[in-house]
Amino acid sequence: MYRFLKYMRRSFATRLYQKYQTIDPKAPIASFTFDDSYGCTFENAGDVLWEKEMRGTFYVSFKFLGLKSQPGFQLAQLKRAINQGHEIGCHTYGHIDLSQVGRNKAIQDIEYNQHRFQQLFPGMKFQNFSFPFGSETYPIKKYVGERFCSARGNRHGINFGNVDMANLKSIKLYESKYTLRDIEHKLDHALEHNAWIIFHTHDVQKNHTQYGCSPEFLERVTDACQKRAFDVRSIEEAQNLLFKPIHKLHFSKVGS
Ligand SMILES: [Zn+2]
């Protein structure tokens with residue numbers, strides 16, 4: 001019954017509020033995203049991407065700051081990811097199931113996460129959001145759609161043509177569930193449609209959970225993206241490519 005209600009709420013949310021934008025990238029785009037704030041992910045995934053001059057998006061819940069458990073992370077690990085140029089996105093403060101709380105409680109929690117981020121890194125603002133457990137309800141999806149540039153769910157698929165920016169589709173990078181060959185099929189499919197493929201996973205470490213993958217697996221997937229000439233970008237960078245016209249291409253510095 002609970003699952004049925006959740007399903008109904010989610011399908012209402014999806015249909016009642018949509019933030020459509022048409023995407024037509026010059027080359028297919030791949031984004032790597034990480035949920036839940038695992039310290040190991042900041043380090044391991046951060047390094048894999050950074051070594052290839054790629055940027056990822058880490059959706060953070062500040063509730064996990066300072067915890068030694070998994071998920072859990074230390075401030076130094078987050079700083080390291082920021083210094084490598086990765087994007088930090090919002091995943092609510094308390095990692096709450098948004099289908100189980102009212103609109104006000106949800107907004108309070110999301111804004112508190114922003115508050116903590118700004119306290120620790122003055123001037124930094126979340127641009128993008130991911131729904132914990134992929135849970136959405138109509139009022140919350142609408143709020144999130146207006147508050148953030150994008151929101152990623154866990155709806156399976158690739159993004160092309162007319163895309164709901166308030167519920168971007170994604171492909172799970174769960175090593176226990178999918179082989180590299182499976183992921184390569186998804187990439188070929190995205191290539192065919194000139195799509196934006198967004199991967200999501202959780203812990204990136206040698207002994208990963210069923211919701212994560214090893215650093216080697218992540219690296220092999222980035223190799224597969226490069227082999228197919230995907231433009232690998234964070235969620236924020238991808239939107240800059242897709243929606244913002246590039247001005248001043250031949251801009252020259254004044255006074256230097
Ligand atoms: Zn989560």
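Modeller: What follows starts at the zinc ion, moves to the cavity and ends with the cysteines. The model is a predicted one. The zinc ion has as its protein donors an OD atom of Asp-36 and the NE2 atoms of His-91 and His-95, at 1.9 to 2.1 Å. Along the sequence these donor residues follow the spacing D-x54-H-x3-H. His-91 and His-95 are both buried.

Asp-36 leads on to the cavity, since Asp-36 is also among the lining residues of the largest cavity. The structure has one cavity of 30 Å³ or more, and the volume of the largest cavity is about 30 Å³. Besides Asp-36, the lining includes Phe-34, Asp-35, Ser-37 and Tyr-38, together with Thr-41, Phe-42, Phe-58 and Tyr-59. Two elements, α2 (39-51) and β3 (57-60), each contribute at least two residues to this lining. By type, the lining residues of the largest cavity are five nonpolar, two polar and two charged.

The cysteines are a separate matter. A disulfide is a covalent bond between the sulfur atoms of two cysteines. With a cut-off of 2.5 Å between sulfur atoms, the count is zero disulfides. Cys-149 is partly exposed, as its relative accessible area is 34%. Cys-225 has 0% relative accessibility and so counts as buried.

Technical notes
Residues are numbered from 1 along each chain as its sequence is written. This is a predicted model: local features need pLDDT of at least 70, side-chain atom pairs count only at pLDDT 80 or more; totals for chains, interfaces and linings use all residues. Side-chain values use heavy atoms; hydrogens and water are left out. Donors are N, O and S atoms within 2.8 Å of the metal (3.2 Å for Na, K and Ca); water is not among the atoms, so sites may look incomplete. Buried means under 20% relative accessible area, exposed over 50%, partly exposed in between (1.4 Å probe, protein chains only). On a 1 Å grid over the protein atoms alone, a cavity is a set of points where a 1.4 Å probe fits but cannot get out, and a pocket is an open set with protein on both sides within 12 Å along at least five of seven lines; lining residues have an atom within 4 Å of a point. Grid points are joined across faces, edges and corners, and a volume is the space filled by probe spheres set on the points. Helices (H or I, at least four residues) and strands (E, at least two) are DSSP runs, numbered from the N terminus. Ala, Val, Leu, Ile, Met, Phe, Trp, Tyr, Cys and Pro count as nonpolar, Asp, Glu, Lys and Arg as charged, and the others, Gly among them, as polar.
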